[in-house]
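The following paragraphs lead through the structure shown below, from the confidence of the prediction to the contact between chains.

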Amino acid sequence: MNNSNQEVIKSNSQLLQKEMISRNYDRITSGQAKVSSTFVPGNLNELLMCFDIANNLPEINAIQNAMRKKSGDFITEAERSGHSEDVCTYVKADIGMMEKGNIAPNGKPFPDPDMLLLSYTGCFTFLKWFELLREQYKCPTVMLHVPYAADGKVTKNMRDYIVTQLKEEVIPTMEKISGIKFDIDRLREYLRKSAQAENDLVWMLEQSKHKPSPIDCYFGGVYYMGPIFTAFRGTDEAIVYYKLLREEIQQRIDLGLCAQTPEGDMTEEKYRLVVEGPPNWTSFREFWKMFYEMGAVVVASSYTKVGGVYDYDNFRHDPDHPLESLADYCLGVYTNRNLPTRVDMLSRNVKEYEADGLLINSIKSCNSFSAGQLVMMREVEKLTGKPGAFIETDLVDPRYFSAANVKNRLESYFQMIDQKRRAGGSATVAV
Amino acid sequence: MRTFIGIDLGSTTTKAVLMDENRQVLGRGITNSRSNYDVAAKVSKQESKIAARFTLFKNALGSGGGAELLLTDLERNFRLEQFLSELNQLEETCYRYLDHERFKDLKGPLREALETVFRTIIVEAPTIYAPGAERKSDFFRDIAGSRFMNLAESVGKQAGLSFDVLLNVYDKSIIDIESQVSSDETVSAQLLNGLTRAMGEVAGLDISKADAQKALESVLGQELEETYVVGTGYGRVRLPFPKEHIRSEILCHGLGAHMMFPQTRTVLDIGGQDTKGIQVDENGIVVNFQMNDRCAAGCGRYLGYIADEMNIGLHELGPIAMKATKATRINSTCTVFAGAELRDRMAMGENRADILAGLHRAIMLRAMSIISRSGGVTEEFTFTGGVAKNEAAVKELRQLIFENYGEKTINISAESIYTGALGGASFAHSAGN
């Protein structure tokens, strides 16, 4: 593996994605396009595209700021203006950014959004977040209510309820803002492109079944998920990106390479993990390094399903049932699933990807992810017979990443796996 | 002989356990962690070897004929020898510092004062190590330091010297002394000197001086080969060991507790800066764990802070709390806030013992939360770490375990402070065979 002082090694697909993100920020800040702020989980990018509305995602902005070491100041700023220490740090990073000039990663100011589109309410903080933004921007706000899949199933009623909202609330508002008439055939075309990229995406997810895994499906995975969960689903760019990614991964498989890291390829794969929960963004590299230094690769993660779930029940956007398919996408979001479904997904991942166990990264300020995680861990342990472990960090608040503590737990977990593999234990002694 | 050593580098103390080929513990050693883990590891290892020599000597002497008395007396005299030897080094080091720029103008009077102080401690030393004498600590730094402070104040006053200057000389010197590790030769000489003293003191022995000396020489001649050494604890990364010789303290505590009490399935370890709830299987393999996160309230240091706030010794906390008639409710789980709450309760006129009982309960409530998150208590339970020595903490724990999980066997070993090192030694044994 290369020395950590060397430049970060990036693949062609990563460079392409960087360009795509940069172009999207340029479009948002250009003043030439109408802009909607919306959230990642269950976002309606294809629908926005039908009205030429640019897609701006506040969580992604918070992540960008965290990785650029700016989120700490923004959070402090938000706390100074009255937001409690326990509030979601994505929210505070966003509010703080607005208070400090609202500058986009390309250095230009974000325009005021033309609309706020909340297409998923599994996280109730999202509601409050947009209430704050509505207060600030006084722009049209659409709250698309997505029923929680409490029984683990999506019913026709739920789907119809969302489709009705799309027809009666969401589409008319978008028409009004953009001045463009809704064209369902245009939507069908975008959804066709979405499905094409989604096929390659699912292929990518499943390649970590290989031993060694050619990719890391958590730390690397968050990059691979980027285009599909943000402003590019439904575009030709996304199709090109996933085709390129597929070729790169295939090449890695052919060469028998271990997962790629910022310091080059892992030389040995010692532990295979399934990870539940978002990563920490403020110390992302340091956090990742704790894994690859110990030879640990993440073969599946729930966070790579946070925007939408494709592999579990084989969902794809469907041009033949456009609005229904958008509804199903929203309903299927990972955190909109009940705990037994999440347990089933994770257990299946542990088994199918032949993982050594489940690691939970519990996020201090994210209740929608964190609630019930200890119970889930116990259940997955029972179902798989593999040991679980629990670490605690935060999304974008640098104060809540305690490196020594996290490392101590991770090392203990890896050694626990070693010990389990040897399954020897010891004789007792007189003491 | 081949030996296997586990070293647990804690934030307060460093412990070592040495075991033989048959996994029998031959010796345990402990020292303060200083700010230098390398030295602390070496000192604790040497101490465990000394204890192993005692065990081997005991085996050589057999039982009866006054052997037990001789061993007790030998240990006492050996500690005296060790103390005098380190005191001598401390004195010499102090004199060397007198040539420094800061002290050289007062070199004469300072040397005279130091000589008086050290002569007095040398005279007092046999009393410090007299049979039945109680020592609040066995660490050289604590014993020599407390005597030095007491004497330097009065001696300095008489000589018209500032206490601070004398203290400064001591502070510089003790750091040097603490960086030294006794060689095997020095230890052997101290043991043989100790034996000579003991043979002169213990009456009615069946064993002759020559035989005892021969037996001890034979034990000292036996090489204790460090076949495999495993390091654990917070200072583990500082050890000059290869990576594969380092184990997480969670695994070591789990295995150590299992070795002490094989039916253990849940372990609570409260150390200086963390609290761990660990679940182990029938082989001592960790199956789950939880520990405090981001905040050290409820750990050993919390008690140290409270002791400082109340201006009493750490070891006095438990006994005072045991005199409580009720436990004052302490709500704060933050160390600093608990201090504020404590002052508030004192100002309200509440009984000191009751407040301390409440604080011990607050600590254990935190521990109970960690235990429950790790999977709760289903079978035998073992409490380890420095706080396990505190009777008030143990009392609250027993009560809370009963309230939450019913009647459960709760194990606390007198040697619980060595749990992590014991697990480490067992890992060393497995790795070295």
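What pLDDT does chain B average, and what share of its residues score at least 70? The model is predicted; chain B averages a pLDDT of 90, and 99% of the residues score at least 70. Within chain B, the highest confidence belongs to strand β9 (residues 410-411) of chain B, at 97. The lowest is found in helix α11 (residues 335-347) of chain B, with a mean of 81. For the complex, the predictor reports an ipTM of 0.73 and a pTM of 0.83.

The overall form of chain B may be considered next. Chain B contains 14 helices and nine strands. Its C-alpha trace spans about 60 × 55 × 45 Å along the principal axes. Because a compact globule of 433 residues would have a radius of gyration near 22 Å, the value of 24 Å for chain B agrees with that expectation. Of the 433 residues of chain B, 44% count as buried. Among the contacts in chain B with a separation of 6 or more, 72% are accounted for by residues 24 or more positions apart.

Glu249(B) lies in helix α8 (residues 249-260) of chain B. Is Glu249(B) buried or exposed? A residue counts as buried if 20 or more other C-beta atoms lie within 10 Å of its own. Glu249(B) has 30 other C-beta atoms within 10 Å and is therefore buried. Not counting residues up to four places away in sequence, Glu249(B) touches Asp8(B), Thr232(B), Gly233(B) and Gly420(B). As for Lys42(B), its separation from Glu249(B) is 207 residues in sequence and 19 Å in space, C-alpha to C-alpha.

Attention now turns to a sheet in chain A. Strands of a sheet pair through backbone hydrogen bonds, in either a parallel or an antiparallel manner. In chain A, four strands form an open sheet with the order β2-β1-β3-β4 and parallel pairing. Its edge strands are β2 (53-56) and β4 (141-143) of chain A, each of which pairs on one side only. On average, neighbouring strands of this sheet are turned by 25 degrees against each other, direction ignored.

The pairings of β1(A) can be followed on both partners. β1(A) and β2(A) run parallel and are joined by four bridges; in β2(A), Ile53(A) is the bridge partner of Lys34(A). Strand β1 (residues 34-38) of chain A also pairs in the parallel sense with strand β3 (residues 115-118) of chain A, over three bridges. There, Leu117(A) in β3(A) is the bridge partner of Thr38(A). Together with helix α2 (residues 45-50) of chain A, β1(A) and β2(A) make a right-handed β-α-β unit.

Along β2(A), Ile53(A) and Asn55(A) point one way, whereas Ala54(A) and Asn56(A) point the other way, and all are buried. Helix α7 (residues 156-178) of chain A lies across β1, β2, β3 and β4 of chain A and runs at about 165 degrees to β4(A).

Finally, how many residues of chain A are in contact with chain B? The contact involves 22 residues of chain A and 26 residues of chain B. On the side of chain A that touches chain B, β10 (388-393) and α16 (403-422) of chain A each supply at least two residues. The largest share of that side, eight residues, comes from α16(A).

Key:
Residues numbered from 1 in each chain as written. Chains lettered and ligands numbered in written order. Predicted model: local features only at pLDDT ≥ 70, side-chain atom pairs only at ≥ 80, totals over all residues. Pairing = 2+ DSSP bridges. Axes fitted to C-alpha atoms, helices over the stretch in contact; angles between N-to-C directions. Contact = placed C-beta atoms within 7 Å. Rg over C-alpha atoms; globule rule 2.2 N^0.38 Å. Buried ≥ 20, exposed ≤ 12 C-beta atoms within 10 Å, placed from the backbone. pLDDT = per-residue confidence, 0-100. Right-handed = clockwise from strand over helix to strand, strands pointing away.
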